[in-house]
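Me: Could you take me through this structure by question and answer, keeping to what can be computed from its atoms?

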There are 2 protein chains.
Amino acid sequence: MKRNRQVAAPRLSTGQGDADVNGLQAMASGQPAQPDIGETLARAAYRELRADIIKGARAPGERLRIEKLKAIYGFGPTPLREALQMLAADQLVLVEGNRGFSVAQLDLDEFKDLNVARTVVEHAALRLSIAKGDDAWEAGIVAAGYLMGKEDAALSATADRVTDRWEAANTAFHTAMVAACGSRWLLNVRAGLHDQCARYRRASVYQKRGERDLGAEHRAMAEAVLARDADLACDLTERHFALTASSLFEAPPAGRNA
Amino acid sequence: MKRNRQVAAPRLSTGQGDADVNGLQAMASGQPAQPDIGETLARAAYRELRADIIKGARAPGERLRIEKLKAIYGFGPTPLREALQMLAADQLVLVEGNRGFSVAQLDLDEFKDLNVARTVVEHAALRLSIAKGDDAWEAGIVAAGYLMGKEDAALSATADRVTDRWEAANTAFHTAMVAACGSRWLLNVRAGLHDQCARYRRASVYQKRGERDLGAEHRAMAEAVLARDADLACDLTERHFALTASSLFEAPPAGRNA
DNA sequence: TAACCTATTTTTCTCGATAAAAATCTGTGT
DNA sequence: ACACAGATTTTTATCGAGAAAAATAGGTTA
């Protein structure tokens, strides 16, 4: 009777009672942040912060003081701290002894390192997936490829920065191709590495996509995978990653745009 | 003056003032748990819980109620919750909406899955390491192999359960071989998968080591790696993992020994 | 002036208490 | 007896306050 949903009500009653809080959150996170019922505040804070860090809304190196985050996101100190600890486990946030949290720095050497690991995992997942994939898997690739094509077209038309929509389609497309690899652990690891790379991708102001035809790259990959040509698919994937990487290397040292 | 080390003093003043708490902790974690200075209680709790879960002191599936953990480890609710969230990120702990935490269950299918991912990552790291390793790397393998040999001998002499010492030597030995792979990310991922597997290894009551000569397996691996024979090294590693796995498969369903 | 020690402020971390949710128990009606 | 609704208990999640640590500022001495 006097009992409201845990996740919604306390959020609003955290100090201010009007809609300004939601406005702030929407500004910070992009979407209205509709918390799934049963979701904990700590997890909601985790999701919002994670999304903001990956998309670059929270700049690399930025100090994440609890009071500041409290003002921005409207969560209390406890959920925020728990969220930050989780993000630290993801390597998205740096935690120093008694000196608080900060957004993990972007570093070119780190990115090369990351790319090595990602390529290894992606190759393995791709080969397994090609060996094991069934009809439903193929259909999933076709569907994701279709949406990817639309986003690629929209992107090259506007010549603008990468959008959230494009990112989502990209993630779905690449995930679809490795989905049948048969190891949830491999997919988990892969997803983590993918998210890390997404951060670098989106942080780079100078995305010289002009010289790339992403649509063609994606089409070629899907084709190779559907043709079960593992060697070609791995080769295309590696080149795909490398092209993104090299466009970042040519940009000025990342992480200085705080 | 009135200021003590953060990590030690509050621990003892958490309710009881006598040494019983330490006794409990020592019982639970195996060692006196000497917290590094500057370490946070949350991180100390994380380390202790993590070690206990991996070594099986906290049984798979066991519910981790805050009050219970408070009594066992002597930490307050906040550090404990933060530690549990970190462990959940590591997939060592399962967290359910508003229903608390529990030790992740052990499951044979899950272990097969895990082994796929681990083998992939280990192979890649091994190949890279063999390609790039220098003299210091070789020396590290020789040193770790020497200690490993001692522990293997001690183990086969007592025919007893795997000890903490053996586990530590095993971890160090395998880590030494991949240490030169050149990607910290790959090593991080690898370490996480290794720890997960260690859990399965130690949980299995029926470790039919009798038929295995671990010392010989380890020596052969070190030899192949030092000879820079990547194919052989990968092959031996895969077989090494597979043997451990098969000895678990023959045991009754794991995780029922709570 | 520079180095060092002390006091103050700021920030982080932890605890105890409280509110919210789930689980359990109880009684009621069919 | 069984199913269901309501109330109670237990467990979990969150908040606000306070203790501890780091950072900063100020003052003293060589």
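The turns below go from confidence and fold to the interface and then to single helices.

This is a predicted model, in which local features need pLDDT of at least 70 and side-chain atom pairs count only at pLDDT 80 or more, while totals for chains, interfaces and linings use all residues. Residues are numbered from 1 along each chain as its sequence is written, and chains are lettered from A and ligands numbered from 1 in the order in which they are written.

Me: What is the mean pLDDT of chain A?
Reply: pLDDT is the predictor's confidence in each residue, from 0 to 100. It stays under 50 over residues 1-35 of chain A and also over residues 252-258 of chain A. Across chain A, 79% of the residues reach 70 or more, and the mean pLDDT is 83.

Me: How many helices and strands does chain A have?
Reply: Helices (H or I, at least four residues) and strands (E, at least two) are DSSP runs, numbered from the N terminus. Along the sequence of chain A the pattern reads α-α-α-α-α-β-β-α-α-α-α-α-α. The secondary structure therefore comes, with these runs as defined, to 11 helices and two strands.

Me: Which helix of chain A supplies the largest share of the side that touches chain B?
Reply: Two residues are in contact if their C-beta atoms, placed from the backbone, lie within 7 Å, and 26 residues of chain A are in contact with 26 residues of chain B. Helix H5 (77-89), helix H6 (108-132) and helix H9 (184-203) of chain A each supply at least two residues of the side that touches chain B. The largest share, seven residues, comes from H6(A).

Me: Which kind of axis relates the two copies?
Reply: Superposed by least squares on the C-alpha atoms of residues with pLDDT of at least 70 in both, chain A can be laid on chain B with an RMSD of 0.0 Å by a turn of 180 degrees and a shift of 0.0 Å along the axis. The copies meet through the same surface, because 100% of the interface residues of chain A are also interface residues in chain B. The two copies are thus related as by a two-fold rotation axis.

Me: Is B:Arg190 buried or exposed?
Reply: B:Arg190 lies in helix H9 (residues 184-203) of chain B, and, not counting residues up to four places away in sequence, it touches B:Val121, B:Glu122, B:Ala125 and B:Val178. A residue is buried if 20 or more other C-beta atoms lie within 10 Å of its own, exposed if 12 or fewer, and partly exposed in between, with C-beta atoms placed from the backbone. Because B:Arg190 has 25 C-beta neighbours inside 10 Å, it counts as buried.

Me: Within what arc do the buried residues of H4(A) fall?
Reply: In helix H4 (residues 66-73) of chain A, the buried residues are A:Leu69, A:Ile72 and A:Tyr73. The face turned away from this buried side carries the exposed residues A:Glu67 and A:Ala71. The arc is that of the directions from the helix axis to the C-beta atoms. The buried residues of H4(A) line one face of the helix, because seen down its axis they fall within an arc of 75 degrees.

Me: Which residue just after H10(B) takes a positive phi?
Reply: The expected span of a helix is 1.5 Å times one less than its number of residues, so the 13 residues of helix H10 (residues 214-226) of chain B should span 18 Å, which agrees with the 18 Å between its end C-alpha atoms. Just after H10(B), a positive phi of about 60 degrees is taken by B:Arg228.
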